[in-house]
Amino acid sequence: MWMRKLMKAIVGMLMPVVLFSTMGASQVQAVTTPSTHAQSAALIDVTSGRILYSKDGDKELRIASLTKIMTAIVAIEAGKLDDKVKVSPSAFAKEGSSLYLKLGEQMTLENMLYGLMLRSGNDAASAIAEHVGGSEEGFVLLMNKKAEEIGLTRSHFMNPHGLDAEGHYSTANDLARLTAYALHNPVFKRIVATENKSAPNPNESWEYSWHNKNKMLRLYDGADGVKTGYTKKAFRCLVSSATRDGQQLAAVTLNDGDDWNDHARMLDFGFEHFPLVEIAKHEQPLQNMELVTGRGFKYPLAQGEQEALTKKLVLLDERSQAEAGGSEATTNPSFGLAGRIDMQLHGEVVGSIPVYRKGSYIPPEPKVEEAALGRVGALTTWLSAWKVVLSRLLSP
């Protein structure tokens with residue numbers, strides 16, 4: 001939320017001075033959208049967050065165990081994977097799907113997350129929530145706060161497991177955005193792609209062995225997630241993901257009696273008609289200017305849309321450039337910052353990348369994999385660096 005507010009302020013303070021390239025809009029070739037049996041559906045490109053297909057995607061509906069996508073990402077971000085999670089009386093024998101954990105049993109948070117996502121354990125969901133949030137109610141507050149942070153405007157959570165409850169709902173579009181957000185986390189991504197998982201059982205001589213309920217992992221080429229769901233009121237719900245040629249898509253259906261086939265059609269549609277196109281490379285020189293891009297940019301485009309994409313260079317005014325440079329060391333991330341390039345499709349900004357003067361210091365991209373495994377130094381350094389950049393851009 002704070003990042004969104006900062007970027008809006010930045011847009012207001014930057015001065016557009018030159019059009020980097022202008023391409024006339026062309027007629028995008030009409031394509032036949034996939035048919036589904038779902039009450040609501042959505043398809044998203046994970047890298048860009050672009051919704052590629054939506055059927056009543058903003059309709060607020062019950063979402064059953066798709067709730068656990070939010071439970072998992074909140075627990076991963078707020079908890080410690082090697083923590084021991086204890087099964088309380090309120091988590092023990094929770095109704096619905098279960099891992100059949102024993103009262104008082106302890107299991108690492110990481111293994112609990114596998115049981116949560118592979119077998120949809122409601123007992124695991126409650127135990128995780130109580131451990132990370134202090135109580136189910138405390139964890140639900142974290143869930144709704146996360147929903148607000150990532151812009152889920154039509155979602156509200158009342159519990160961590162998805163059992164039917166008044167005031168507990170989401171939409172296909174919101175779930176698509178949530179899934180895209182979660183799949184950028186390597187721990188979440190690894191867990192939901194796992195077909196089989198074993199975990200120690202402290203009470204028996206045999207280990208827990210969990211087989212993923214998500215049949216898409218076995219039915220669809222390239223499938224790598226995400227979560228099944230069902231209650232008597234929500235009916236069949238499914239989020240699936242797949243990766244082909246470096247592009248990852250995620251599909252969502254709510255109340256769909258033929259979800260496996262519908263998801264295959266939706267994913268096929270996305271890969272065929274919206275390939276991920278590299279628009280700019282990291283540290284790519286700008287033609288006839290002593291500037292380079294601060295990072296790369298990729299976006300899914302239908303046939304004919306690439307000609308409709310425009311790139312506008314927006315430069316800092318001279319005063320801001322002087323303040324950003326000064327006599328400070330070149331390791332200051334704002335040293336050399338010249339502005340940004342706005343990527344626009346049909347007049348709408350679909351992304352922005354910073355631009356720097358040639359030879360200046362460019363902050364590296366964060367190594368998310370290292371951060372997720374507990375080595376957070378690289379990510380902390382990167383975030384601190386970009387806070388300096390933002391403060392420079394916003395200073396009067």
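1. In this note a strand is a DSSP run (E) of at least two residues, and strands are numbered from the N terminus. On that basis Asn196 is found in strand β6, which covers residues 196–199. The model under discussion is a predicted one. Asn196 lies 14 residues along the chain from Trp210, with their C-alpha atoms separated by 5.6 Å. Neighbours within four places in sequence aside, the contacts of Asn196 are Leu118, Trp210 and His211. One of these, Leu118, is a buried residue of α3.

2. As to overall composition, the protein chain contains 12 helices and 16 strands. Of its 396 residues, 49% are buried. When contacts between residues at least 6 apart in sequence are considered, 65% join residues at least 24 apart.

3. In soluble globular proteins, nonpolar side chains tend to be buried together. Here the largest nonpolar core has 62 residues, and the members that touch the most others are Met70, Met112, Leu113, Met117 and Phe188. Beyond its neighbours within four places in sequence, Leu113 is in contact with Ala72, Ala75, Ile76, Leu81, Ile128 and Ile191. A further core of 20 residues lies apart from the largest one, and includes Ala41, Tyr220, Ala251 and Leu267.

4. Helix α2 comprises residues 67–78, and its end C-alpha atoms are 17 Å apart; this agrees with the 16 Å that its 12 residues should span at 1.5 Å a residue. The helix is mostly covered, with 10 of the 12 residues buried. The buried set consists of Thr67, Lys68, Ile69, Met70, Thr71, Ala72, Ile73, Val74, Ala75 and Ile76. Among them, Ala72, Ala75 and Ile76 are in contact with Leu113.

5. Helix α3 (residues 109–119) has nine of its 11 residues buried and is therefore largely enclosed by the rest of the structure. The residues concerned are Leu109, Asn111, Met112, Leu113, Tyr114, Gly115, Leu116, Met117 and Leu118. After α3 comes Ser120, with a positive phi near 60°.

6. How do helices α4 and α5 cross, and at what angle? Two packed helices are described by the angle between their axes and the distance between the axes. For α4 (residues 122–133) and α5, the axes come within 7 Å and cross at roughly 80°. Since 65 to 115 degrees counts as roughly perpendicular, α4 is roughly perpendicular to α5. On the α4 side the contact is made by Ser126, Ala129, Glu130, Val132 and Gly133, and on the α5 side by Glu136, Gly138, Phe139 and Leu142. Sorted by class, these are four nonpolar, three polar and two charged residues.

7. The loop between α5 (136–149) and α6 (172–183) holds Tyr169. Is Tyr169 buried, exposed or partly exposed? Its relative accessibility is 26%, so Tyr169 counts as partly exposed, given that buried means under 20% and exposed over 50%. Residues up to four places away in sequence not counted, Tyr169 touches Glu60, Leu61, Arg154, Ser155 and His156. Between Tyr169 and Phe157, which are 12 residues apart in sequence, the C-alpha to C-alpha separation is 6.5 Å.

8. Most residues other than glycine have a negative phi, and most peptide bonds are trans. Asp56 has a positive phi, near 50°, and is found in the loop between β3 (51–55) and α2. Ala64 lies in the loop between β3 and α2, and its phi is likewise positive, near 50°. In accessibility, Asp56 is exposed, with a relative accessible area of 51%, whereas Ala64 is buried, at 1%. Elsewhere, Gly225 and Val226 are joined by a cis peptide bond with omega about 15°. Val226 is found in strand β8, residues 223–231.

9. Helix α9 (residues 259–273) has 15 residues and reaches 21 Å from its first C-alpha to its last, close to the 21 Å expected at 1.5 Å a residue. Its buried residues are Asp259, Trp260, Asp262, His263, Met266, Leu267, Phe269, Gly270 and Phe271. The elements that cover them include β2 (40–45), β3, α8 (216–219), β8, β9 (235–244) and β10 (247–254). Leu267 is among the members of the 20-residue core.

Key: Residues are numbered from 1 along each chain as its sequence is written. This is a predicted model: local features need pLDDT of at least 70, side-chain atom pairs count only at pLDDT 80 or more; totals for chains, interfaces and linings use all residues. Side-chain values use heavy atoms; hydrogens and water are left out. Helices (H or I, at least four residues) and strands (E, at least two) are DSSP runs, numbered from the N terminus. Buried means under 20% relative accessible area, exposed over 50%, partly exposed in between (1.4 Å probe, protein chains only). Contact means heavy atoms within 4.5 Å. Axes are lines fitted to C-alpha atoms, for helices over the stretch in contact, and angles run from 0 to 180 degrees between N-to-C directions. Angles under 35 degrees count as roughly parallel, over 145 as roughly antiparallel, 65 to 115 as roughly perpendicular and the rest as oblique. Ala, Val, Leu, Ile, Met, Phe, Trp, Tyr, Cys and Pro count as nonpolar, Asp, Glu, Lys and Arg as charged, and the others, Gly among them, as polar. A nonpolar core is a set of buried Ala, Val, Leu, Ile, Met, Phe, Trp, Tyr and Cys residues joined through side-chain atoms within 4.5 Å. The expected span of a helix is 1.5 Å times one less than its number of residues.
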